[in-house]
Amino acid sequence: MVDRKDKLNSDTDEMDAEEMDMEQSFEAMFESSMQELNVGDVVRGTIVQVNDDNVVVDVGYKSEGVIPLAEFRDENGQVDLKVGDEIEVLFERRENESGLIGLSKEKADRQKIWGSLEEGAVVEGRIVGRIKGGLTVDIGINAFLPGSQVDLRPVRNLEKLIGTTLDFKIIKLNKRRGNIVLSRRVLLEEKRETQRADTLETLSEGQAVEGTVKNLTDYGAFIDLGGIDGLLHITDMSWGRVNHPSDVLAIGDKINVKILKYDRERERVSLGLKQITPDPWLEVETAYPVDARVSGKVVSLTDYGAFVELEDGVEGLIHVSEMSWTKRIKHPNKMLNVGDEVETLVLALDIPNRRISLGLKQIEPNPWDVIGEKFPVGTIIEGQVKNITDFGVFVGVDEGIDGLVHISDLSWTKRVKHPSELFKKGDTVKAVVLNIDRDNERFSLGLKQLTPDPWELIPVKYAPGTIVRGKATSVTDFGIFLEIEEGIEGLIHVSELSREKVETPKEFANVGDLLEAAVLSVDIVDRKIALSIKQLTHHKEKAEVQEFMGASKQATSSMGALLQGAMDRKGEES
């Protein structure tokens, strides 16, 4: 008979064995239900939880994986996920210390992209950054776009392309190193060649076409017409003045132009922009007749005048001489500035040469028309010395009008070598109006005319033979100048110094010496007085003889009277 205790132990052992077999069977079943995953595989998974900073994903493995939420953000930083979404991820590693497997969505995306790429393929990408030598382009993974491959021509400012989405061609691919080199230029060249053939067939002179400004130079602009460039010369950009093509166009502008000349063999195209619109000069004669008042904007200043834009393509010139009736304008910028709106008068038209002469001063009355009535000849005026020159003094007469006192009209008697001897700028002077020349805009004044001409009395005051006394003011080789009164001089010629021969007047007298002389003659026209010391001696001798003869006659008369008296007395006695 089997012991009850042994039987129980036997039953227990059998049950433990069965349980162990069942556990091993369940584990095997669980293991078999798990995917066979290898590190580096891209697998599908299901999102089971979305947290603030990560996402939990079940890929059918015995453990789940956690992926940073940042890997799911789009270019705008937004996340669009919900539990149950299926995604593809890269199996990076098996369980870590926390029992979680390593997964990555970004690496899975990259691996898928790498698998789809090949040299020569055209891909779309977004330029995301500037690096040394070029740009970084996001095509799902970062790729390099060299600066020389950005466009058909070098691009100076690469930063302006950041954020743009364009098509590129893969020209180099190295999966092992993870390098991708892109080119946009290759695609543009291919497109250009295709367009070029079509464009060359369709171009014709007189045709209006659309083009893109490709490049600017000092003399014009090159316009891309679709695979072929045309030259738009600066003179054909506008009917008006263009200082530089950049004033009218900018690179990248799309414009309509007219084909002026097309050389099919040499593939050269001359373009016109202004020819798209009618020539405004065809209506100038009607729109801007002579003597018409017109308004415009100052667009340019030169040494000789100011150019005024009357309308787009039509300019007139205000010559510097037509800016003011009275002011001496040295440069137009003393009167006008670029941008000023001005009213002018049309003075002349030259339609063939596209010239309009304008006047600014003609808008106001000419002060020279009334100055004669305001200041008739003989009027005494008072004004300030405005300017001093070698030939005279300018005195302010009226607003903008100066009168000239010529050096010869400063004094009746003084010999003025330079007006600055008598005046300085700012001095207030009185003068007499001598003449007004309206045509030549000249106003003549005189200072000496304020007093009578002393030479009118000279012939009476200093008749020939008059003996005068004065100071030697100048001793020259030909004679001595003698001042006989203030401002009045006479000349003693060397031949009139002495009866004896005088080699040089400088041996005879010095400046400052007091001399006596006799007046020989007076020339009121040339204002000259001829003096003579030789004649003075003659006159003195003659006077002495006359005096002697007079004394002798008086003595003879006295003696005769005495004798007559004696004889009379004797007769009375007898």
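Author: A residue counts as buried when its relative accessible area is under 20%, as exposed when it is over 50%, and as partly exposed in between, for a 1.4 Å probe and protein chains only. This is a predicted model, in which local features need pLDDT of at least 70 and side-chain atom pairs count only at pLDDT 80 or more, while totals for chains, interfaces and linings use all residues. Residues are numbered from 1 along each chain as its sequence is written, and side-chain values use heavy atoms, with hydrogens and water left out.

Reader: How many aromatic pairs does a search of the whole structure find?

Author: A pair of aromatic rings is described by the distance of the centres and the angle of the planes. Rings of Phe, Tyr and Trp (its six-membered ring) pair if their centres lie within 6.5 Å, and planes under 30 degrees apart count as stacked, over 60 as edge-to-face and the rest as tilted. Searching the whole structure gives four such pairs. One of them joins Y304 and F307 edge-to-face, with 6.3 Å centre to centre and 85° between the planes. Y304 is partly exposed at 40% relative accessible area, whereas F307 is buried at 15%.

Reader: Which charged residue lies over the face of F307?

Author: A charge sits over a ring if NZ of Lys or CZ of Arg is within 6 Å of the ring centre and within 35 degrees of the ring normal. Here R241 lies over the face of F307, 4.0 Å from the ring centre, and R328 lies over that of F394, at 5.6 Å.
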